[in-house]
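Trainee: I am new to this structure and would like to learn how to read its features one by one. Could you take me through them slowly?

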Amino acid sequence: CALPIPSVVAWMMLKVKRGFPSQLTQAEFLPSVPMWGLGLLAGAAFFLRFHHLTTLSLWPLEDEAMNGYYAIELAEKGNWQFLYDFSGMPPLYVWCLALFFKLFGISLWTLWFLPALLSFLAVALVYRGALQFFSKSFSLLFAGLIAFSFWPLYVGRFSLQGGFLIFWECLTFYLLAYYWKTSNEKLKIRAALLLGFCSGAGFYTFTSWAVVAFLLTLVVFGETIWKGKQRWDLFYYFFLPEAALFLLLATVTALQKGGHFQYVLQNPFGGSLNGLNDFCSLFWGSRLPPNLFAYRPFWGGFLNPILGALCFWGSLFLCRSGLSPWKLGGLFFILILPGFLTGGLDSHRIIQVMPFLLFAVAIGLASLLSILPKSSRIIILGACAVFSLGLDSHHLFGVYHSLWAHPDENVEGYKPVERGRAFELLKDLEKEQGLGYVLSDL
C-alpha cells in the first residue's frame, strides 16, 4: 500500500501554494488542545516507553551489558575513565548510568529505566523548544511524532549512547530556542554560554555528535551576522566552551588512540558503499545480514509507509517553498555522514538525523491538513495517527519482541562482555610490561 502514497502526495502538492514554510508553521490549523488533553497525550507517551520495560528485550544486548559493566565498576569502585571499551566510547552515558545505579540500585529495571526516562523527557524538550519558533498546532505535531513514532520508541528501549544522543540533541534544541528568542542582554550571554557548554558536552555522548555540533555552530554563527548587529562576543561565549570541551576529549582520544576515531582517520570512506545500508533502513528496510542485529528495523524501515510518504511530501514542500534541494540534500548527507564513514554496520551512527526526518514529516502533515476543510482535519489527523501508531506498535511490540523467541538466529554477539573485561586487563598490562608482553610466553 506504500507504493501509491508518494504519487498521491505529489499530485496533491500541486494544490499547495508557494510560500515560505513559516506561513505554515506559524498558523494554527488545529483546534486548541486543553491541558487535560496534553496530559492524556503525555500519559500515552509515558506508557509506550515503560510498557514491558524489562520484558520487551528479554536480556541486555552486548553493548548494553558492557555499559552496565562499566557503570557498575564506576558506581562501586569509582573507576573513572574518559573513553570506555576497545571502541573508545565517550563517557557521559556511563557516568549518568553509574549515578543512576548509585541512587536506585543495580538491576535490569534501572538499566532500562534511564533510557526510557530520557526518551520521555526528550518529548517535553521538543515541545517546549518548538513553541519558541512555531505555532501550538505545529509544535504539537512535531512533539507527537517524537512521542509516538517507532524510531524514538525503539531507541528508548536500549541502554546505549545512541538514545542518549537523541535526548542531548533535543536538550540542545530547547537551549537554542531559548538563546534565539532571548532579548535581555545578561540572559543572552548566559544562554550563549550554556548552549556552548551543552554543545561541547555533546561530544561526550556519542561519536556521531560531531556533525550536530558542526551544524549548531553554523546556526549560531549565522544568527550572529543575520541580525545585523554582528555580536561576535555572543558567538565567542558560545564557541569557547564548546571548543574547550571538544579539545579536552580530542586530546585524550589522540593519546589513547581511541577506537572509532582512529578507524575513520585510517580508513576514510573505507566502508562508504556499505553505508548505503543506513539510507535503506530509513524507509525500506535494512540490507544487513539477518543475524546481524545492529539496532536496525526488522519490519520495513524506521519510518512506516505513512510517515515515509509524509516525509517525502514535507521535503517537496520545503523545496517548493524556496529551499534549495542541494542544501536540503547536503544537510541530510552531513547528518548521516558518521554512518557512511564507518560502513553502515550500526544504525545508531545515523540516529542524529531522526529529529530532522520527523520535522519533515511534520511539515508534510501540516501542509496536508492546511489544504483540507477545517471540519475534516481532525478526522484525517486521527486516521493518520491510528494507522501509523498501529504499524509502529506492531513493529515494536510484535515483530521486534518476537525475535527474542529465537535469539541465537537474530541477535549474533560480536562483542561479549568478557571481551570488554579482557580488554581492560590487557590494557593495564600493556602499560606496565609493553605491547608484546602477552606473546612473551609463546
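Trainee: In which helix is Leu99 found?

Mentor: This is a predicted model, and in it Leu99 is found in helix α5, which covers residues 92-104.

Trainee: Is Leu99 buried or exposed, and how should I judge that?

Mentor: The general idea is that nonpolar side chains tend to be buried together in soluble globular proteins. In this case, Leu99 counts as exposed because its relative accessibility is 52%, and the cut-off for exposed is over 50%. The C-alpha atom of Leu99 is separated by 8.1 Å from that of Ala71, although these two residues are 28 residues apart along the chain.

Trainee: Which residues touch the most other members of the largest nonpolar core?

Mentor: They are Trp151, Tyr154, Trp168 and Tyr400, in a core of 121 residues. Helix α6, residues 108-131, gives the largest share of this core, with 12 residues.

Trainee: With which residues is Trp151 in contact, leaving aside its neighbours within four places in sequence?

Mentor: Among them are Leu282 and Phe302, as well as Ser347, Ile350, Ile351 and Leu357.

Trainee: How many helices and strands are there in the protein chain, and what percentage of its residues count as buried?

Mentor: The protein chain has 20 helices and 0 strands, and 51% of its 442 residues count as buried. Taking the contacts with a separation of 6 or more, 78% are between residues 24 or more positions apart. As for the accessible surface, which comes to about 21400 Å², 69% of that area belongs to carbon and sulfur atoms.

Conventions:
Residues numbered from 1 in each chain as written. Predicted model: local features only at pLDDT ≥ 70, side-chain atom pairs only at ≥ 80, totals over all residues. Heavy atoms only, no water. Helix = DSSP H or I, 4+ residues; strand = E, 2+ residues; numbered from the N terminus. Buried < 20%, exposed > 50% of the residue type's maximum accessible area, 1.4 Å probe, protein only. Contact = heavy atoms within 4.5 Å. Areas by Shrake-Rupley, 256 points an atom, 1.4 Å probe, with all protein chains shown as cover. Core = buried A, V, L, I, M, F, W, Y, C linked by side-chain atoms within 4.5 Å.
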